[in-house]
Amino acid sequence: MLRINDVSKRFVGRDKITTAIEGVTLDVAAGEFITLVGPSGCGKSTILNIISGLMPATEGETIVDGKILRGVTRDVGYVTQQPNLMPWRNLIDNVSFPLEIDGVSRPERYRRARELIRLVGLEGFEGAYPNELSGGMRQRANIVRTMIYEPKVILMDEPFGPLDAQTRVVLQDLLLNLWTRTGVTIVFITHDLQEAIGLGDRVVLLSARPGRVARIEQVPLPRPRD
Ligand code: ADP
Ligand code: ADP
């Protein structure tokens, strides 16, 4: 589903060049939930920015569903750490906003948004505004807003980082449930090894040294999928 092939990224500053990642190759199968874990500064966000199509690589290529990535695409959704919901729109209008841009009729976009809202346990809150929701609820809304285009791959950049420990556990469970029900491919980055191991089908360890990507093949843990 996703392949990054010998990808490097260098940032050229005024008097120095920073190599963020060097020669990274990674394959992610359709429906896989992969976690990338490593210390701050090891290049996790750079990898995700490249896969999202937002940032061009210095070298190498990214292939999504058989096509070379040339920029942002609806096949790839990006969930940021901060939910960035529009404060003047209620939950359902935030979640369905991407479809509104597309000119999808209100009943149709609400129908699709409701399904997703239900999947993350936010039914009953459709009319609530972001400031009426908890941080965890806002992040749930952010995740399903990304899913409304039905992307093939979802990228997540420490989405539960700012949440308290209890809320994190709730959202991790919800995310696994969402993944199981939709079959979407997930690339999730975190600096928390425990979170990486708890969520991933496969955990990829990134060392702080450029190009050093150590892969851990997890003992397969069959999860029920319907
Ligand atoms: P992580 O997400 O693992 O914390 P990043 O991908 O953000 O790591 O950063 C990897 C390296 O690239 C770091 O050394 C960082 O300082 C550098 N870097 C990231 N973005 C830029 C930028 N825009 N300009 C210069 N250096 C950058
Ligand atoms: P989360 O796990 O999403 O952070 P919380 O632990 O903050 O959620 O909230 C747990 C439950 O409390 C929610 O599922 C909801 O039923 C209720 N709740 C939270 N915030 C509100 C609110 N602003 N209005 C009404 N009920 C709320």
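A polar contact is a pair of N or O atoms within 3.5 Å; within protein, one must be able to donate a hydrogen and the other to accept it, and residues adjacent in sequence count only if both atoms are side-chain atoms. This is a predicted model, in which local features need pLDDT of at least 70 and side-chain atom pairs count only at pLDDT 80 or more, while totals for chains, interfaces and linings use all residues. Residues are numbered from 1 along each chain as its sequence is written, chains are lettered from A and ligands numbered from 1 in the order in which they are written, and side-chain values use heavy atoms, with hydrogens and water left out.

**View 1. Polar contacts of ligand 1 with the backbone.** Oxygen atoms of ligand 1 lie 2.7 Å from a polar backbone atom of Gly41, 3.0 Å from one of Gly43 and 2.9 Å from one of Lys44. Of the 560 Å² of accessible area (Shrake-Rupley method, 1.4 Å probe) that ligand 1 has on its own, the protein covers 58%.

**View 2. The shell around ligand 1.** Residues with a heavy atom within 4 Å of the ligand count as near; among them are Phe11, Thr18, Pro39 and Ser45. Helix α1 gives the most to this shell, with three residues. Helices (H or I, at least four residues) and strands (E, at least two) are DSSP runs, numbered from the N terminus. By class, the shell of ligand 1 has four nonpolar, six polar and one charged residues; Gly counts as polar, Ala, Val, Leu, Ile, Met, Phe, Trp, Tyr, Cys and Pro as nonpolar, Asp, Glu, Lys and Arg as charged, and the others as polar.

**View 3. Ligand 2 and its surroundings.** Phe125, Glu132, Ser134, Gly136, Met137, Arg140 and Thr167 surround ligand 2. Oxygen atoms of the ligand are 3.0 Å from a side-chain N or O atom of Ser134 and 2.6 Å from one of Arg140. The backbone of Met137 places an N or O atom 3.1 Å from a ligand oxygen. Helix α5 (residues 135-147) contributes three residues, the most to this shell.

View 4. Four strands with antiparallel pairing (at least two DSSP bridges between two strands) form an open sheet in the order β2-β1-β4-β5. Its edge strands are β2 and β5 (67-68). Two bridges join β4 (residues 59-64) to β5, and Ile63 stands opposite Ile68 in β5.
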